Amino acid sequence: MQKWYHIFQRSTGLSPYIWVVFYILPFYFVFRSSTMYHALIGIFMIVAFFVCYLLSFSSKGWLVYFWTSVQILFSIAMTMMFGYVYFSIFTAFFIGNMQRKAGFITLYTVHLAMTLLSVYVGYMHANSVLIEQAPFVFVCLIAVTLLPVTTYNRNKSELLQGELNDANKRISELVKLEERQRIARDLHDTLGQKLALIGLKSDLVAKLIRKNPDRAEAEIDDVRHTARNVLKELRELVTQMRGTHVEDEIYRLRQILVAADIEFTLSGDPKLANTSLLNENVACMCLKEAVTNIVKHSGATACAIEIEQTAAELRIRVRDNGVGLGNGASFHRGNGLRGMKERLEFVNGSLEIASREGTEIVIKVPNILIQAKGEAQP
């Protein structure tokens, strides 16, 4: 249950000045009474109502339902005696903040029925005060009908959103933990045993270097070969941990283009099958550079990325409807495009640039031919 002071702004979304009006307004209705006796009764009910209202927020268990029921009784009494129906809005707001569904439905039904009944009886007895404020009474009845439901649903939505955020944080922590464990297993399985072997052979070489130099030299060669394998496997492991996939890069580029108000279309499958991780990393860097140029310099309103995969190569075509290349020579001297060409040449790839109603860049990297399982080795 929320605290009572949350009725200002945070929980209702209404200005606190409006609530202040609802606090002061009942005294106006009471002081219109013809006798001092009725006025004293009215003041007592106003004070008692707000006391019950505060106690409802601070109570737990069955006391919540008790104090809410007392609120409903005071609201009905104020409506019948003084034509002040607006206490029902306070009660409606409180009922909307209840968390238990059964309690919410029960109190909501009782409160709505009692409010409608008291207003109906007041009009049947020709209560002049209720008749004078008929439009406001009608608005109040709408609030009593809708406010609890909207408040209840909003609180449930905020609660579910909070639980979802907590779950996402826990999932993120579990993913990090699993990644640490995976890296630890890979390091232990891939490097640990070979490093231990290097240590043992080094100790053996220290013992053999005087007794059997020839064998010591052979062991040194073995240590050198093992160290090179360890370095190679370490590089492969780091490459796998740092690797970027085209599928993930496309997702990030889509967000960048949408944020830049550039229409994005994708054709082809971004999930690559035959491209090595090194070549895929290079393709991702070039793809990111191409899209960055579109966002910064092209003035385009649309960008299309087409992915073609063959057994021999991966081809990524990036097109936009911007201003084009302009001066081609100066464009080709740009650091970004020169860096893209150098990266692609490193993996035996290529870069093609054309200007046709915009700019078209074609990124090509070779694929690795993976032999099917069960196929005989040559």
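How many salt bridges does the count come to?

A: In this predicted model, the count comes to 12 salt bridges. Side chains of opposite charge can pair when their charged atoms come close.

One of the salt bridges joins glutamate 219 to lysine 201, with the closest N and O atoms 3.0 Å apart. Glutamate 219 belongs to helix α8 (residues 213-242) and lysine 201 to helix α7 (residues 134-211), so the pair links distant parts of the chain, 18 residues apart. Buried means under 20% relative accessible area; glutamate 219, at 12%, is therefore buried, and lysine 201, at 15%, also counts as buried.

A further salt bridge is found between strands. Arginine 319 pairs with glutamate 306, the closest N and O atoms being 3.4 Å apart. Because arginine 319 lies in strand β3 (residues 313-320) and glutamate 306 in strand β2 (residues 302-309), this pair ties together parts that are 13 residues apart in sequence. Arginine 319 is partly exposed, with a relative accessibility of 33%, and glutamate 306 is likewise partly exposed, at 21%.

Glutamate 313 and arginine 315 also meet through their side chains in a salt bridge, at 2.5 Å from N to O. Arginine 315 has a relative accessible area of 19% and is buried. Salt bridges with shared partners join Glu306, Glu308, Glu313, Arg315, Arg317, Arg319 and Glu360 into one network.

How values were computed:
Residues numbered from 1 in each chain as written. Predicted model: local features only at pLDDT ≥ 70, side-chain atom pairs only at ≥ 80, totals over all residues. Heavy atoms only, no water. Salt bridge = Lys/Arg side-chain N within 4 Å of Asp/Glu carboxyl O. Helix = DSSP H or I, 4+ residues; strand = E, 2+ residues; numbered from the N terminus. Buried < 20%, exposed > 50% of the residue type's maximum accessible area, 1.4 Å probe, protein only.
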